[in-house]
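Subject: Structure handover

Hello,

Here is the structure I promised to pass on. Please open it first, then read my notes below.

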Amino acid sequence: MFGYKDLLHELEMFNRHGVEVGSIGESTLSQRIPYIFVGNKNGNYMIVQGAIHAREHITALLCLCQAKYLVKNNGLLNLGGIYFIPMVNPDGVRLCQEGADFIEDKDKVRFLQSVNNGTDFSLWKANANAVDLNINFDAEWGKGITNVFEPASENYVGKCPESERETQALTRFTLAVKPLVTLSYHCKGELIYWKFRQAAHRLWRDKRYADAISRVTGYNLADSRGSVGGYKDWCVSMLKIPSFTVEVGNDAFGHPYPYTQFEDILKRNEDVPRRLLNSIVKDKEKLEKAGINWTLSI
């Protein structure tokens with residue numbers, strides 16, 4: 001399994017090779033949430049994030065390997081820069097992989113074990129406050145059909161939108177970066193979610209990019225009707241940018257998803273971020289040459 005300590009070790013290796021690494025903020029348990037930046041600082045940015053759900057930690061390894069791919073192949077056409085945030089939910093991932101023993105606050109341990117009905121956290125999705133981070137964003141918060149309103153291993157929306165440190169960190173970082181597009185990796189189902197109440201012209205635009213992701217990965221497009229409050233939803237509704245949730249991994253396998261299948265996941269997704277960002281930057285440049293402001297066009 002790929003864990004938080006593995007991520008920190010990999011960050012040291014990136015840093016030694018002159019690759020920019022940093023942190024978008026801290027988790028509930030004050031662990032830093034790292035990022036890796038690859039590409040050009042020219043204003044054309046993308047955010048790729050993974051492991052916002054604890055048991056989907058295989059997506060953290062995917063994001064890391066995508067960053068490595070671009071570093072190793074720096075001759076590839078790259079029209080912008082990509083911020084990779086491999087593990088948005090480090091507390092949850094550690095809880096899922098290690099159990100609660102790493103937590104010093106014994107009241108917190110008892111709380112989590114009570115919510116979980118035991119000490120086996122291998123299927124845990126939430127953060128250390130038992131909040132499902134991917135329904136904690138301010139995008140029709142609390143209106144999802146599977147939402148619950150008390151602490152749980154999954155589907156608890158939190159006390160209010162962006163109640164969690166992880167959610168706050170990701171929204172602040174996104175607003176600071178001003179990305180042209182975001183890509184969120186989840187597991188599992190081999191599906192691409194791309195809709196969230198877009199106006200007609202943006203619906204057409206975003207579907208073109210979703211179709212492009214589908215052609216590269218072989219994953220089908222899906223409608224997330226009834227699901228709200230996610231990072232993708234917030235980006236689409238608040239920033240008016242294309243934003244995609246890609247569910248990697250075949251549904252034939254259970255959770256936690258077996259790492260024996262990682263090679264197939266990586267093969268399908270390794271170059272998706274670069275291709276997607278380049279396509280969007282080219283479209284943006286065409287609009288600007290025609291005298292159309294990219295921001296106003298969306």
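**What I found**

Just after helix 9, Gly291 has a positive phi of about 80 degrees. Keep in mind that this is a predicted model.

Helix 9 itself covers residues 272–289, which is 18 residues. From first C-alpha to last it reaches 26 Å, close to the 26 Å expected at 1.5 Å a residue. Which of its residues are buried? They are Val272, Pro273, Arg274, Leu276, Leu277, Asn278, Ile280, Val281, Asp283 and Lys284. As background, an α-helix has 3.6 residues a turn, so residues three or four places apart point the same way.

**The chain as a whole**

The protein chain has ten helices and eight strands. Its C-alpha trace spans about 60 × 45 × 35 Å along the principal axes. Buried residues make up 55% of the 298.

**The largest pocket**

Rolling a probe the size of a water molecule over the atoms shows where empty space is left. The largest pocket holds about 620 Å³ of space. Its lining counts 32 residues. Which of them lie nearest the centre? These are His53, Lys125, Asn134, Ser227 and Glu247. Helix 7 gives the most, with three residues. By class, the lining has 14 polar, eleven charged and seven nonpolar residues.

Ser184 sits in strand 5. Is Ser184 buried or exposed? Its relative accessibility is 1%, so Ser184 counts as buried. Leaving out residues up to four places away in sequence, Ser184 touches Gln49, Tyr231, Phe244, Thr245 and Val246.

**Backbone points to check**

Most residues other than glycine have a negative phi, and most peptide bonds are trans. Here are some places to look at with that in mind.

- Ser30 is not a glycine, yet its phi is positive, about 65 degrees. Ser30 lies in the loop between strand 1 (20–26) and strand 2 (32–39). Its relative accessible area is 43%, so Ser30 is partly exposed.
- Asn155 is another residue other than glycine with a positive phi, near 75 degrees. Its place is the loop between helix 4 (106–116) and helix 5 (165–177).
- His255 and Pro256 are joined by a cis peptide bond, with omega about -10 degrees. Pro256 is in the loop between strand 8 and helix 8 (262–269).

Ala128 is in the loop between helix 4 and helix 5. At 2% relative accessibility, Ala128 is buried. What does Ala128 contact, leaving aside its neighbours within four places in sequence? The partners are Thr28, Leu29, Asp91, Lys108, Phe111 and Leu112. Ala128 and Ile145 are 17 residues apart along the chain, and their C-alpha atoms are separated by 23 Å.

Arg202 belongs to helix 6 (residues 200–217). Its relative accessibility is 7%, so Arg202 counts as buried too. Between the C-alpha atoms of Arg202 and Leu76 there are 29 Å. Along the chain, these two are 126 residues apart.

Best wishes

How values were computed: Residues are numbered from 1 along each chain as its sequence is written. This is a predicted model: local features need pLDDT of at least 70, side-chain atom pairs count only at pLDDT 80 or more; totals for chains, interfaces and linings use all residues. Side-chain values use heavy atoms; hydrogens and water are left out. Helices (H or I, at least four residues) and strands (E, at least two) are DSSP runs, numbered from the N terminus. The expected span of a helix is 1.5 Å times one less than its number of residues. Buried means under 20% relative accessible area, exposed over 50%, partly exposed in between (1.4 Å probe, protein chains only). On a 1 Å grid over the protein atoms alone, a cavity is a set of points where a 1.4 Å probe fits but cannot get out, and a pocket is an open set with protein on both sides within 12 Å along at least five of seven lines; lining residues have an atom within 4 Å of a point. Grid points are joined across faces, edges and corners, and a volume is the space filled by probe spheres set on the points. Ala, Val, Leu, Ile, Met, Phe, Trp, Tyr, Cys and Pro count as nonpolar, Asp, Glu, Lys and Arg as charged, and the others, Gly among them, as polar. Contact means heavy atoms within 4.5 Å.
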